[in-house]
Amino acid sequence: MVKIEDYAPIVGEGTVEAIREMAEIIRGERAVHVNATSYGGGVAEILSRMIPLARSLGIDVTWQTLKGDIDFFKVTKKMHNALQGDLGTAISDEEFAHYLKVNAENAALLELDSDVVVIHDPQPLPLVRQRGRGKWAWRCHIDTSTPNEAVWSRLDPMVRMYDLAIFSMERYIPKGLAIPSIIDYPTIDPLSPKNAPMKPEDVTKVLERYGVDPDRPLIGQVARFDPWKDPLGAIDVFRRVKSAVPGIQLAMIGSFARDDPEGAEWYERVLRYAGREKDIFVLSNLDGVGDLEVNAFQRAFSVAIQLSKREGFGLTVTEALWKGVPVVAKRAGGIPLQVIDGTTGFLTEGLEDAAERVALLLRRSWLARELGERGRQHVRLNFLITKGLSNYLRMHIELVGKMG
Amino acid sequence: MSLQKFLVKGATLEVDKPLIKALEMFAYGRHPYRILVTNGEGRVVGIITGRRALEILMGARGTGMAEKRGLRGTLEENVGIFMDECHEIFLEDIGVEALLKFMVENTIGYAVIVDQSRRLKGVFHEVAVLERLRGKRFGADVRSFMSKEVVFARTGTSIEEAAQTMVRKRVRRLPVLDSDGRLGGIVTIGDILRLILSEVETKDGLERDLKEISRAPVERVSSTKTVSTRPEEDLGAAAERMLDNEVSGMPVVDGQKRVLGIVSRIDILKAVASVIGIESLKAEING
């Protein structure tokens with residue numbers, strides 16, 4: 001059972017004490033978080049760590065997920081793409097009606113009677129139509145800076161029914177948003193199975209289990225199999241680097257989330273694009289790659305790459321930096337907040353440039369070490385779960401008012 | 001290039017001080033826009049901005065606190081309950097070039113510098129960088145780098161409406177336009193906070209008074225001595241104008257005082273970096 005005091009050696013006793021004091025103010029208050037899926041993707045990961053930690057502080061917080069059919073998740077995936085700026089996506093009246101219907105069915109099943117209700121992302125957004133008592137906040141984890149207006153205008157009337165909206169970055173706030181909003185940078189949990197320290201021999205065992213040679217350099221991208229993450233670009237970078245560093249290996253690690261019907265299709269595309277190249281390892285949860293394995297792979301990377309064209313924030317970058325691994329990445333989402341060019345990694349424009357940077361870091365291991373160490377410090381100071389938890393507690397206090 | 005010579009002290013407030021102390025700092029003296037919140041050991045634990053203070057007073061993040069505690073009660077609460085987490089913290093061995101890149105990439109005008117124990121060592125601020133560019137001209141004008149989407153208020157708009165607009169649109173200042181669409185004044189978050197504080201200090205029954213004063217037209221608090229620039233002004237000259245007048249942003253107007261855009265200090269810094277490159281920027285501020 002995770003306890004707040006376990007974080008004191010990492011973030012300091014003062015931070016832990018301040019969290020305890022805030023939690024005391026709302027001890028016994030009820031809160032519920034609702035999202036689309038309990039597994040896969042950054043939101044489920046954040047909640048899986050944040051909820052038990054909040055509960056350990058005496059807050060009666062629960063986490064509930066939607067039940068939906070494949071058609072529902074196809075619509076919400078389209079919605080996700082449209083909100084991220086895909087102008088070619090259209091949602092038919094029939095699809096939208098199904099989206100509302102599934103949410104209405106869920107509203108009857110979920111326990112939403114709470115002091116604070118936090119709804120994550122667009123999938124459960126319409127639950128607010130059945131809102132009862134309590135304050136409702138919509139936590140949008142995706143980049144909605146330039147949404148497909150036709151789709152946004154269908155969601156906007158429901159967004160207006162919330163008390164507060166929360167975005168990951170200032171620029172993600174849609175123009176004309178009619179309700180108050182706050183910014184909350186996502187964070188990672190340094191004690192989770194995905195980020196906790198590992199013994200070198202355990203890292204080696206994981207690599208060998210998947211046929212990766214621990215004695216040759218490994219680069220990798222951890223991301224869903226999704227066009228926004230440009231997995232084919234990652235393979236292109238690998239091929240360019242390979243001509244300079246013949247022994248190089250590439251790990252492409254993703255997961256299949258229940259709310260991501262495109263994932264399987266893109267996984268197949270990635271496999272086809274990798275072809276018979278024996279030094280490319282395309283792995284997912286279906287191969288038994290869970291948090292521990294991702295942790296091991298990230299620790300084994302000489303360089304992490306993140307070629308996403310769009311990102312909510314880029315927590316896989318945070319994870320790699322926390323493990324002291326320099327990151328070569330494109331300027332998407334919150335990546336420039338984390339990857340400071342030439343200091344914690346490199347920001348790149350195109351694949352050629354990315355390949356050159358990766359090759360440079362492979363040649364100069366001293367530079368990779370230096371950047372990796374700075375990256376770890378940057379995450380320690382700015383992007384750990386204690387900040388996310390503090391933000392959440394303050395939001396709750398202000399929404400419901402201080403007790404006593 | 002030593003980071004030390006760029007650092008400024010930065011406004012600080014201890015975490016257990018009441019919110020009204022922050023309000024006083026925003027309103028008086030050198031009225032900073034952001035205050036770093038520290039614990040008893042001088043460690044940075046958060047940050048509070050003028051906009052955040054205004055959000056609290058407007059009940060913009062929820063009215064629960066104001067409903068239960070009243071505005072006066074809210075102002076007596078510890079600032080630690082209201083501050084935001086600070087995500088721009090760097091160790092003191094970070095280089096100036098790294099900080100410049102971080103600020104320019106993310107349109108962030110400051111970075112907080114701490115030691116290994118998170119004790120505050122100083123603030124690396126856009127002003128310190130722009131000060132070192134005094135006298136420089138870059139052969140690029142404001143027009144190409146200003147923001148053309150200007151959030152503004154009309155003459156006669158109520159203070160409350162102006163405050164709501166600043167909170168919702170997340171801007172620090174509003175040009176106040178007259179009926180012909182010409183620049184008549186500027187209202188800032190600081191102007192509104194000063195007004196509220198003066199009411200807190202002089203009146204009882206604050207809630208009622210706040211409602212009354214916030215119905216007054218924005219001209220009651222806006223400044224008519226406006227600092228503005230022209231689209232053809234060089235980036236260097238525009239930076240100096242903001243430094244000389246101690247403003248963080250200004251409207252861009254034409255010969256008839258019609259507002260064409262708005263430009264901030266960090267916009268200028270980003271623009272200079274894009275025109276001459278980070279390497280040259282570093283050399284310029286070092287020279």
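This is a predicted model: local features need pLDDT of at least 70, side-chain atom pairs count only at pLDDT 80 or more; totals for chains, interfaces and linings use all residues.
Biologist: Which residue does B:Arg170 form a salt bridge with?
Modeller: A:Glu170, on the other chain. The closest N and O atoms are 2.7 Å apart.

Biologist: How many salt bridges cross the interface of chain A and chain B?
Modeller: The rule finds 8. For polar contact, there are 17 residue pairs across the interface, both residues at pLDDT 80 or more.

Biologist: Which elements of chain A supply at least two residues each to the side that touches chain B?
Modeller: α2 (13-25), β6 (181-183), α12 (335-338), α14 (365-382) and α15 (385-400). α15(A) gives the most, with 8 residues.

Biologist: And by class, what is on that side of chain A?
Modeller: 20 nonpolar, 10 polar and 11 charged residues.

Biologist: How many residues are in contact?
Modeller: 41 residues of chain A touch 41 residues of chain B. The area buried between the two chains is about 3,600 Å². Carbon and sulfur atoms give 48% of that area.

Biologist: Back to the helix. Which residues of α6 in chain B are buried?
Modeller: The helix spans residues 159-169. Its buried residues are B:Ile159, B:Ala162, B:Ala163, B:Met166 and B:Val167.

Biologist: Why are they on the same side of α6(B)?
Modeller: Because they cover an arc of only 135 degrees around the axis. An α-helix has 3.6 residues a turn, so residues three or four places apart point the same way.

Definitions and conventions
Residues are numbered from 1 along each chain as its sequence is written. Chains are lettered from A and ligands numbered from 1 in the order in which they are written. Side-chain values use heavy atoms; hydrogens and water are left out. Contact means heavy atoms within 4.5 Å. Buried area is the accessible area (1.4 Å probe) that two parts lose on being put together, summed over both. A salt bridge is a side-chain nitrogen of Lys or Arg within 4 Å of a carboxyl oxygen of Asp or Glu. A polar contact is a pair of N or O atoms within 3.5 Å; within protein, one must be able to donate a hydrogen and the other to accept it, and residues adjacent in sequence count only if both atoms are side-chain atoms. Helices (H or I, at least four residues) and strands (E, at least two) are DSSP runs, numbered from the N terminus. Ala, Val, Leu, Ile, Met, Phe, Trp, Tyr, Cys and Pro count as nonpolar, Asp, Glu, Lys and Arg as charged, and the others, Gly among them, as polar. Buried means under 20% relative accessible area, exposed over 50%, partly exposed in between (1.4 Å probe, protein chains only). The arc is that of the directions from the helix axis to the C-beta atoms.
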